[in-house]
Amino acid sequence: MTLDTSIEYVKGIGPDRAKLIKSILGLSTVEDLLNFYPIRYLDKSKVYTVSQLEESNLDVQLKGKITQVQEIQTGKTKRLSARFNDHTGSMDLVWFQYSKWLKEQIPVNREVYIFGKVNVFNRQFSMPHPEIEAEESKENDTRLRPIYPGSEKLSKRGLGQKFFQNILRNVCKEIPSLIEENFPEYLMKTFKFMSRQHAFLNVHFPKDMAHFDKADYRLKFEESFFFQLGYGLKKLHHKTQSYGNPFPVIGDYFNTFYENHLPFELTSAQKRVLKEIRQDMKRPIQMNRLLQGDVGSGKTMVALLTMLISMDNGFQSCMMAPTEILAQQHYNGIKELLQETGINVRLLTGSTRSSERKIIHEELESGSLSILVGTHAVLEDKVKFKNLGLAIIDEQHRFGVAQRAKLWAKNKIPPHILVMTATPIPRTLAMSFYSDLDVSVIDEMPVGRKPIITAHRREKDRLYVYNFCKDEIKKGRQVYFVYPLIEESETLDYKNLAEGLEHVMDFFSDYNVTMLHGKMKPDEKDAAMAYFASGKAEIMVATTVIEVGVNVPNASVMVIESAERFGLSQLHQLRGRVGRGAEQSYCILMTSDKLSKESRTRVKTMTETNDGFKISEVDMQLRGPGDILGTQQSGVVDFKRLDLVNDSAIIKTTKNTVERILEADPLLARPDNLIIKNYYLKYYKGKSKWSKIS
């Protein structure tokens, strides 16, 4: 038997059962069985009494006698029922589907042990499909009893807990020939690991919880370690093989702007990030850096200063954004900041006129255009640079790998890459899935920014909310109303923009109201945005199209209708559209009276903190890491034991451990590291294709 052996050849399974198990649980090989871990454990040394039962859905063991076995017909269905008694009380045992011989097999009026999950029906405890063991034949086993994931369909076919326990016992007997060690002696001693063989044995059949905890830690550490090793080798290969243009000069463009045109003092976080970027670009190696920063933290200013460094070294820069609104926003902001410098900046989107495109193409190829801001239009083959040295991608998760690769090909020597996101990525995810990137974080807000006050209000508070908005408008401020839907939905009971616009225009009849949503034409969107940004409209009624890229410092109130409809990340992004000026700003979450537990958690989190990283951690707990990363990358979240939400300490430890090992031995050539190298090449290299070690 090997790890690749089909489960049909495992004692007790066979072809038919193997086919059923594969279709329901997805288990095909012996390795799959070893990684089919228990979800909890039953302490067989502990025996409950009926009077001690307090909650349902618990796996328990009781000792007593079975009486009154009978078949009960209800309509067309038939079930087998029995009464279980101990000295403290009684409960029903029930079998909904059963073989004819089961009734004769039940030991009546004899001392037995029963095992199973307790249910509550009509305030009475019952146990469906219990396992029964006569007292005289009970196994004298003090180990914890594993409870495996199951299904009703499997149980009905006789493939319940006892079946999987027996199968895994048979497989675990083969562990010495199946499992090889993959850690060197120095790691075993440093972390006091139990052997890999003992880890698998004690995760399936632990002697006690202390042995389980050690086994669990060992297997989680191993998963994270080899995952981090793959990323570490990828980054190492990138730094040794991926050449780039060195930017050694900090010259007139940067210094003149910094000394004469910088509109505010940089935060210490911005200065730290610029230093990290500067160190990257000094070397003849392509920079590959992720810049994380909360909404309004000043990422665009860091991007502009980086582009000025590129210019000082004789290179062009481009910034690519996922939407026209965001690209226009970046263009307007950069053009305004550079208006007294004479630096040529242009915007290229799908709506750019042909005459303007022709000028852009000519200036790019001649080198007279230093900075290009755009959308996917920048990726077109006819867009050619004379000397592209820096590519900046905003909200990088919205672009596919193939799209980003087109930017790399815009110069013979790949440009330096700076990818930015205003979506805070949980630190655990950043350590795991962006380990091949160097990560910079802006974790400070600009001086003078006041924290946004966030409040939760319900429909009964609407008049109060509307009057509060009127008071803010009277102070000269502006207000957003955001809706989850454009029009009424037959299936979703949420506020919609069409109906909301009528209510807002009716209540705020003395003020100008503009509207923005995703179905509008690009020029209509631009006109609506310009109308609001100029202050001619006091109120904007919109959908989430304003989530990214709308910057109106005078807007001080964000009212989010049917806030329970939005995820935490989206709520945080929307809130970031206000609080961009010096005045106090507010975010009001309007919800229905009935909220799910998850919705209450989201609303509570938003009202308690403005910290995007704290919010992202809660978001990951609620949605899972796959949804946080997005559909493109969610497939990589395939850990068997490691939990990205709860095991951040293990991930941090393995990341640091891998970095130390690769720093001292980049090719894993030392004799004591060969065990790591050989295991990686055997089990991981083919999957990752990241490293050149061989």
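Helices (H or I, at least four residues) and strands (E, at least two) are DSSP runs, numbered from the N terminus. This is a predicted model, in which local features need pLDDT of at least 70 and side-chain atom pairs count only at pLDDT 80 or more, while totals for chains, interfaces and linings use all residues. Residues are numbered from 1 along each chain as its sequence is written, and side-chain values use heavy atoms, with hydrogens and water left out.

**View 1. Thr 543 sits in the loop between strand 20 (539-542) and strand 21 (555-560).** With a relative accessible area of 8%, Thr 543 is buried (buried means under 20% relative accessible area, exposed over 50%, partly exposed in between; 1.4 Å probe, protein chains only). Look around Thr 543 for the residues it touches, among them Val 482, Tyr 483, Leu 516 and His 517, leaving aside residues up to four places away in sequence. Contact here means heavy atoms within 4.5 Å.

**View 2. Lys 192 has a positive phi, near 55°, in a residue other than glycine.** You will find Lys 192 in the loop between helix 7 (185-191) and helix 8 (196-204). Lys 192 is exposed, at 72% relative accessible area.

**View 3. Leu 668 is a residue other than glycine with a positive phi, near 50°.** Its loop runs between helix 24 (648-664) and helix 25 (674-683). Leu 668 counts as buried, with a relative accessibility of 0%.

**View 4. The largest nonpolar core has 39 residues.** Such a core is a set of buried Ala, Val, Leu, Ile, Met, Phe, Trp, Tyr and Cys residues joined through side-chain atoms within 4.5 Å. Leu 308, Leu 338 and Ile 371 have the most contacts inside this core. Helix 12 (299-312) is one of the elements that each supply at least two residues, and helix 12 gives the most, with nine. A second, separate core of 35 residues includes Val 10, Leu 27, Leu 159 and Ala 215.

**View 5. Helix 20 (568-575) packs against helix 21 (597-608) at an angle of about 35°, with the axes 10 Å apart.** Axes are lines fitted to C-alpha atoms, for helices over the stretch in contact, and angles run from 0 to 180 degrees between N-to-C directions. Helix 20 brings Leu 568, Leu 571, His 572 and Arg 575 to the contact, and helix 21 brings Arg 602, Thr 605 and Met 606.
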